[in-house]
Amino acid sequence: MISPCISVCVLDPQSELCEGCGRSLDEISQWSRMTEDERRAVMQRLADRPERHARADA
């Protein structure tokens, strides 16, 4: 699975999520060691995070 990274690597100080891809630091750092199932779970969490929807609407 391709990483959701879009090379906009800035952490939001309130949510502690990347403003580009929406992942947490832990999700970013573990991505290359995750199984496909774990990556799919991260991608599902990204879709469910309200912060992602707010940025998409901006």
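Buried means under 20% relative accessible area, exposed means over 50%, and partly exposed lies in between. Keep in mind that this is a predicted model.

**Exercise 1.** Classify Arg45 and Glu27 as buried, partly exposed or exposed.

*Solution.* Start with Arg45, whose relative accessible area is 37%. Now take Glu27, at 6% relative accessibility. This is under 20%, so Glu27 counts as buried.

**Exercise 2.** Find out how Glu27 and Arg45 interact, and where each of them sits in the chain.

*Solution.* Look at the side chains to begin with: Glu27 and Arg45 meet in a salt bridge, with 3.2 Å from N to O. Then locate the partners: Glu27 belongs to helix α1 (residues 25-30), while Arg45 belongs to helix α2 (residues 36-48). They are 18 residues apart, and the pair links distant parts of the chain.

**Exercise 3.** Which residue forms a salt bridge with Glu27 at 2.7 Å, and is that residue buried or exposed?

*Solution.* The partner is Arg49, and 2.7 Å separates the closest N and O atoms. Arg49 is in the loop between α2 and α3 (50-57), 22 residues from Glu27 in helix α1, so this pair also links distant parts of the chain. As for accessibility, Arg49 and Glu27 are both buried.

**Exercise 4.** Describe the salt bridge between Asp37 and Arg40, and say how accessible each partner is.

*Solution.* The side chains of Asp37 and Arg40 come to 2.8 Å, N to O. Both residues lie in helix α2, 3 residues apart, which is about one turn of the helix. Asp37 has a relative accessible area of 55%, so it is exposed. Arg40, at 44%, counts as partly exposed.

**Exercise 5.** What does Ser24 contact, leaving aside its neighbours within four places in sequence?

*Solution.* First place Ser24: this residue is in the segment before α1. Next, check its accessibility, which is 18%, so Ser24 counts as buried. Finally, list the contacts: Glu16, Leu17 and Arg49.

Terms used:
Residues are numbered from 1 along each chain as its sequence is written. This is a predicted model: local features need pLDDT of at least 70, side-chain atom pairs count only at pLDDT 80 or more; totals for chains, interfaces and linings use all residues. Side-chain values use heavy atoms; hydrogens and water are left out. A salt bridge is a side-chain nitrogen of Lys or Arg within 4 Å of a carboxyl oxygen of Asp or Glu. Helices (H or I, at least four residues) and strands (E, at least two) are DSSP runs, numbered from the N terminus. Buried means under 20% relative accessible area, exposed over 50%, partly exposed in between (1.4 Å probe, protein chains only). Contact means heavy atoms within 4.5 Å.
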